[in-house]
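The sequence and the structure come first.

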Amino acid sequence: MNKKEAIAYAKITLDYMQSSKYKGKLNPKAFEIEMKQCFKLYTKDVAKIIANIL
């Protein structure tokens with residue numbers, strides 16, 4: 001994984017956690033858990049597309 005892909009995954013996760021759909025707390029441990037879910041849900045191709053948009 002390169003830097004752009006990592007940033008894209010982090011942005012996807014943070015956007016979700018800041019949305020009204022997320023009911024948990026914003027903290028580093030919760031972010032780690034949600035990042036792991038993000039890796040499972042989105043392929044590298046999707047991350048690359050988002051990274052190119054950023």
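## The exposed face of α1

In this predicted model, the face of α1 turned away from its buried side carries exposed residues, namely Lys3, Lys4 and Gln18. The helix itself runs over residues 3-18. Its 16 residues reach 22 Å from the first C-alpha to the last, close to the 22 Å expected at 1.5 Å a residue.

The N-terminal end of α1 is capped by Asn2. A side-chain oxygen of Asn2 lies 3.1 Å from the backbone nitrogen of Lys4, one of the exposed residues named above.

## The buried side of α1

Six names make up the buried set of α1: Glu5, Ala8, Tyr9, Ile12, Thr13 and Met17. They cover an arc of only 165° around the axis, and therefore sit on the same side of α1. An α-helix has 3.6 residues a turn, so residues three or four places apart point the same way.

What do the buried residues of α1 pack against? Their partners are α2, residues 28-41, and α3, residues 44-53.

## Glu5

Glu5, which lies in α1, has a relative accessible area of 5%. Because buried means under 20%, Glu5 counts as buried at that value.

With neighbours within four places in sequence left aside, Glu5 is in contact with Lys44, Ala47, Lys48 and Ala51. The range given for α3 is 44-53.

## Thr13

The range given for α2 is 28-41. The side chain of Thr13 also reaches a backbone atom, the oxygen of Tyr9, at 2.9 Å. Tyr9 is itself among the buried residues of α1.

Asn27 lies in the loop between α1 and α2.

The side chain of Asn27 reaches the backbone nitrogen of Ala30 at 2.7 Å. Looking back along the chain, Asn27 and Met17 are 10 residues apart, and their C-alpha atoms are separated by 9.9 Å. Met17 is one of the buried residues of α1.

Conventions: Residues numbered from 1 in each chain as written. Predicted model: local features only at pLDDT ≥ 70, side-chain atom pairs only at ≥ 80, totals over all residues. Heavy atoms only, no water. Helix = DSSP H or I, 4+ residues; strand = E, 2+ residues; numbered from the N terminus. Buried < 20%, exposed > 50% of the residue type's maximum accessible area, 1.4 Å probe, protein only. Contact = heavy atoms within 4.5 Å. Polar contact = N/O pair within 3.5 Å; in protein donor to acceptor, adjacent residues only side chain to side chain. Expected span 1.5 Å × (residues − 1). Arc of directions from axis to C-beta.
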